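Visitor: I'd like to learn how to read a protein model. Could you walk me through one?

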Amino acid sequence: VSEHRAPPIEHALHAINAHWVTSALAAAVTHRVFEFLEQGPAVVHDVAVGCNIAERGARALLDALVGADLVVQSDGRYENTAIASSYFVEGKPLYLGQLARLSLQLMTRSGGFPDAIAAGHSEGSLSVKADMPQWAQLVLATAPFSLPVAYLAAKLLGLAERRSLEILDPGGGAGVFAISFLKENPRATATQLDWPSVNRVAREQAERNEVLDRFRTVDGDLFAYDYESAKYDLIIFSHMAHGLAPADNQRAFVLFRRALKPQGVLLINELLAELDGSVSPQALLSSARTFYATRDGAGYRYAEYREWLNAAGFRSIARHDTGTPTTLLVVQVD
Ligand SMILES: C[S@@+](CC[C@H](N)C(=O)[O-])C[C@H]1O[C@@H](n2cnc3c(N)ncnc32)[C@H](O)[C@@H]1O
């Protein structure tokens, strides 16, 4: 019968049960299970005692984590995989545990997703036009995500060799890009435009990285900022464009074009919704999150960026894969 030729049911169940991966991961992060296992392989009872959780809960959680490829088990002892060890043990530079917990929160609020799809918008999405307490939380949780990309961008742009470098980072968040670039080049200075609560977080990060003396923040809406013309060598726009409506991206690129010096660079770091296999499936999946969590945003295609950039007077655009779900666009004033 035709059912025998159907593709493996495993793939269908993977799609159906993906939310249990998020739930198990968030529970493990909450109860510091990966931190406990990082000390060495452990049996269920030891995990329950060490993490102060019920033994029944520990068993269910550990088995689910094996199913999710985050933990492996042999002879009754459970152990972190390399993924869990790199990304979910607090204190590691690429720690994404807070993002996992935020993902569970978003999941519990996304029951209305089918209705939102029909309506074209969701209730209670993050408004990018206001200072929301969630932003400060979100930018810290996502910061490790941008860290390797910022490092790659610094190398790509040869920032360490620049004699001087004036950087502007509209919507800089926790300041990952600007701070990485300031560390790369001791002659560089940076200005971040963001909401007050987020700028406070970024200044703390700058202080921790010993670059606060070259890191300035300006509180408020990036669209209301008085951009001085031909002032900046480099403008960063990272994880920003997908949250904005097309007209706002177009408007932002016009402002940036004017604010850049001749030969200046606009650096865009984004999740491109490319359907030709050139981006990670994670970039395409994030279109759903962007749709639900923002009022006007979308996963945009490279062709759309090119159109907005050309209309703003930019001609030279180079696209770089980052080895992560985001793509870098290096846009140069000619
Ligand atoms: C998704 S985060 C990106 C943060 C950072 N650029 C990064 O790549 O990690 C978006 C940031 O833009 C800020 N933001 C959004 N709309 C803004 C606006 N109109 N004016 C200033 N900042 C804004 C938010 O507060 C938040 O810090």
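Guide: Let's go from the overall chain to its aromatic rings. This is a predicted model, so local features need pLDDT of at least 70 and side-chain atom pairs count only at pLDDT 80 or more, while totals for chains, interfaces and linings use all residues. Residues are numbered from 1 along each chain as its sequence is written, and side-chain values use heavy atoms, with hydrogens and water left out.

Visitor: How many helices and strands does the protein chain have?

Guide: Helices (H or I, at least four residues) and strands (E, at least two) are DSSP runs, numbered from the N terminus. Here the protein chain has 13 helices and 9 strands.

Visitor: What does the radius of gyration tell me about the protein chain?

Guide: The radius is taken over C-alpha atoms, and the globule rule is 2.2 Å times the number of residues to the power 0.38. For 334 residues a compact globule would have a value near 20 Å, and the protein chain has 22 Å, which agrees. Its C-alpha atoms fill a box of roughly 65 × 55 × 35 Å along the principal axes.

Visitor: What share of the residues count as buried?

Guide: Buried means under 20% relative accessible area, exposed over 50%, and partly exposed in between, using a 1.4 Å probe and protein chains only. By that rule, 46% of the 334 residues are buried.

Visitor: How many aromatic pairs does the structure hold?

Guide: Rings of Phe, Tyr and Trp (its six-membered ring) pair if their centres lie within 6.5 Å; planes under 30 degrees apart count as stacked, over 60 as edge-to-face and the rest as tilted. The structure holds 13 such pairs. In one of them, F113 and F291 have ring centres 6.0 Å apart and planes at 85°, so the pair is edge-to-face. This pair links distant parts of the chain, with F113 in helix α7 and F291 in helix α12, 178 residues apart. F113 counts as partly exposed, at 26% relative accessibility.

Visitor: How are F253 and F256 arranged?

Guide: They form a tilted pair, 6.4 Å centre to centre with 50° between the planes. Both lie in helix α11 (residues 246-259), 3 residues apart, about one turn of the helix.

Visitor: And which residues does F253 touch?

Guide: Contact means heavy atoms within 4.5 Å. Leaving out residues up to four places away in sequence, F253 touches several residues, including F237, L266, Y305 and W308. F253 is buried, with a relative accessible area of 0%. Ring pairs also link F253 and F256 into a cluster with Y225, Y227, F237, Y300, Y305 and W308.
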